[in-house]
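Thank you all for coming.

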Amino acid sequence: MNSSFFSKRAKAPEHGWAIELRNAIEDAENGSSKKQLKVAETAAIMRQWKICKNSAERGLKSCSKNKEKTNNKKKKKLTELKAMANKELAIESTVDSPSFAQDLLPNIRKHMTNVSFVKSCAPQAQFTNLTLLQSAACIGDVRLVESMVALGAAVDIPVKSDSPHTHEPHFPAPNGSTALVLGVARLSMHKIMEASELAHVVQSSPKTTEELLQCAVILVMLGADFNKRLEFSPVSLSMKMSILVTSMSSFLAQYDAFGLRGKSVKEMAVEIGDELLLEAIRSMEESPMENAWCRCGSRLPWKECHAAPSVAGQHKHFHDNAGEILYRYSPLAPCPCTLSNITQFDCCGWLAHSPTYLDDVTGAMCVPYTLSLETEAGRLAVCGVMADQYMRRSEESFVEHKAGIVETLRRMQPSTLADLARQFHPKCPIGSWDTKVYAGIVERQEDLFLWNGIFWNADKLELEQRAKEWNEALDAYCDDMGLSGEERDQIVRKHTAIPCAPCGNLACDNWEVTVKEFNRCAKCKAIAYCSRDCQKSHWKQHKRDCMP
C-alpha cells in the first residue's frame with residue numbers, strides 16, 4: 001500500500017489545515033502563481049484534489065500569461081501537483097457516476113437524506129442488502145468510502161437483511177456485519193485464495209486487493225470497530241465443496257470454508273499480515289482520540305485538520321459517552337440544522353461552537369451530556385432559528401416540539417441564556433432577558449420565531465415583520481399575565497424586538513438608527529459595519545468566518 005498513509009507530514013498550522021486552505025484560497029483569488037502554488041500544496045495535504053488541480057492549472061496559466069519571472073522549481077512543483085491530482089481523480093469510482101452527482105448529492109443536501117442508510121443501487125460482492133458505504137468497502141472503492149463518510153455516513157452501521165432473497169448469484173450479507181467487517185473478510189479471502197490453487201475463484205487483480213486494503217485502513221483510522229466479528233449461520237458441506245469447482249458459490253460458503261466465520265476484524269488482519277493495516281489497528285488501540293483521522297477525507301488527525309484547538313474551542317473532536325467514543329459529525333456534511341445549504345463546519349458545528357457527534361452504530365446525531373436540552377433551546381434562541389424550518393416536522397409534531405422548546409426555555413437559568421448570547425456574539429442584546437418572559441412570547445407566536453437581536457443577513461421586510469410579530473406576542477403575554485403600569489413598561493422596554501443591528505466591529509459602539517442602515521460584507525453578507533474603517537479594523541477577526 002502507498003506509504004503516504006502514515007508518512008511524515010508538514011507541521012500543521014495552529015489553526016489547522018482546513019482554515020489554512022480556506023485562507024489560502026481567499027488570498028489567491030486572481031493572485032500570482034506563488035499564491036496558487038500555496039493553495040495547490042495545501043489542498044494536496046488536505047487531499048482536496050479538485051481544488052489542487054484547479055489551482056495548479058491557474059498557477060501554470062499565470063506563469064505563462066503574465067510572463068512572470070517564475071523559476072523552474074515553481075513550475076515543476078505546479079506541474080507535479082497537477083499530475084498528482086489527475087492521478088487521484090482518475091481512480092475509477094462510483095463518485096464519478098451521473099447517479100451519484102445528480103441523484104444522491106441533491107437528496108443529501110436538500111432533503112437531509114440520512115446518508116448512513118442509502119442503499120447500494122446494484123448488488124455488490126454477491127450481496128443484495130448493503131448500504132452504499134458497505135458496498136464500497138466490499139469492492140474496494142476508496143474514493144466512495146471517503147466520500148460517503150465525508151457526507152456524514154456512520155462507519156459502523158450493521159447490515160440488516162430486509163428480504164429472504166437468497167437465489168444465486170446474490171445473497172443477503174450476514175446480519176450485523178459492518179462495512180469494515182465485510183471489506184476485511186473479502187480481503188482475507190482474497191489473500192487466502194491467491195496463496196492457494198483457487199485463485200480462479202477470486203476473480204480479482206492485485207489492484208482490487210490493494211484497494212480493499214486501503215478501504216480497510218481508512219475505516220479503521222476513521223474509528224470503525226475492529227473488534228466486530230463476522231457472524232453467520234454455518235454453511236452446508238455441499239456449499240463449501242462447491243468453491244472447488246465453481247466461482248458461483250456464495251461468499252458465505254467461501255468465508256465458512258476458509259475459517260473466517262466468527263473471527264474479528266483484528267484477528268483477520270493478523271492473518272492477512274499487512275503491516276499498514278496492523279499499524280492502523282495498533283494506533284487506534286493506543287490512542288484513538290489522538291490518532292483518529294478527520295472525516296473530511298484528508299487522512300489527517302482531527303487536531304491537525306478541522307478540529308484544531310483554536311477553531312474547535314473547548315469542544316473536542318470526540319465525546320466520551322460512558323466509555324464509548326463518539327466522533328464529531330463530518331465537517332463537510334450538510335449541517336443537520338437544515339437551515340442552510342452549507343457544511344456543518346461553516347454552520348453550527350465548528351464556527352458556532354455547537355458540536356454534533358455521530359453514533360456510528362445507529363447513525364443518530366448526538367448532543368453530549370454536557371450540553372443539556374436547556375442548552376439546546378438556548379442555542380436555538382440565540383441563533384434566531386424558526387422551529388418549523390429547524391426540523392421540517394409535521395404540524396402535529398411541530399406543536400409538540402414547540403411546547404417542548406417553550407418548557408425548556410422556562411426552566412433555563414438566566415446565566416445560561418447570558419452565556420449563550422455572549423457565545424453567539426458579544427453584542428447580542430438578549431443575554432439579560434428574563435427566560436420566563438422569553439418563553440411566554442415564544443409560546444404566543446404562530447410559527448415560533450426565536451429572536452436573538454442581531455440579524456445582519458435577514459431581508460429588511462421580513463425582519464420588520466418578525467419584529468412586529470414578536471412585539472405583538474409580547475403585548476399578548478403582558479395582557480395574559482395581567483401586567484400593567486410601571487411593571488408592564490419595564491417588561492416591554494426590556495424585551496421589545498428592535499430590528500436595528502450593531503456595527504460588526506467589536507471595538508465600535510454604533511447601532512443602526514434605521515433598519516438595514518449599515519452595509520453588509522459584500523462577500524459573506526453575514527455581518528454589517530457602520531463604516532469602511534470599521535470593516536477594515538475588524539477584518540482580521542472576521543476573515544476566518546467570511547465565506548460566500
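I start with helix H24, whose buried residues are covered by, among others, helix H22 (435-443) and helix H23 (460-481). Helices here are DSSP runs of H or I with at least four residues, strands are runs of E with at least two, and both are numbered from the N terminus. This is a predicted model, in which local features need pLDDT of at least 70 and side-chain atom pairs count only at pLDDT 80 or more, while totals for chains, interfaces and linings use all residues. Residues are numbered from 1 along each chain as its sequence is written, and side-chain values use heavy atoms, with hydrogens and water left out.

Which residues of H24 are buried? In this helix, residues 485-495, they are Arg488, Ile491 and His495, where buried means under 20% relative accessible area with a 1.4 Å probe, counting protein chains only. Seen down the axis of H24, these buried residues fall within an arc of 65°, so they line one face of the helix; the arc is taken from the directions from the helix axis to the C-beta atoms. In general, an α-helix has 3.6 residues a turn, so residues three or four places apart point the same way.

Turning to the chain, it has 25 helices and six strands, and 51% of its 548 residues count as buried.

Finally, a word on confidence: pLDDT, the predictor's confidence in each residue from 0 to 100, has a mean of 79 over the chain, with 75% of residues reaching 70 or more. Over residues 239-249, however, pLDDT stays under 50.

Conventions: Buried means under 20% relative accessible area, exposed over 50%, partly exposed in between (1.4 Å probe, protein chains only). Contact means heavy atoms within 4.5 Å.
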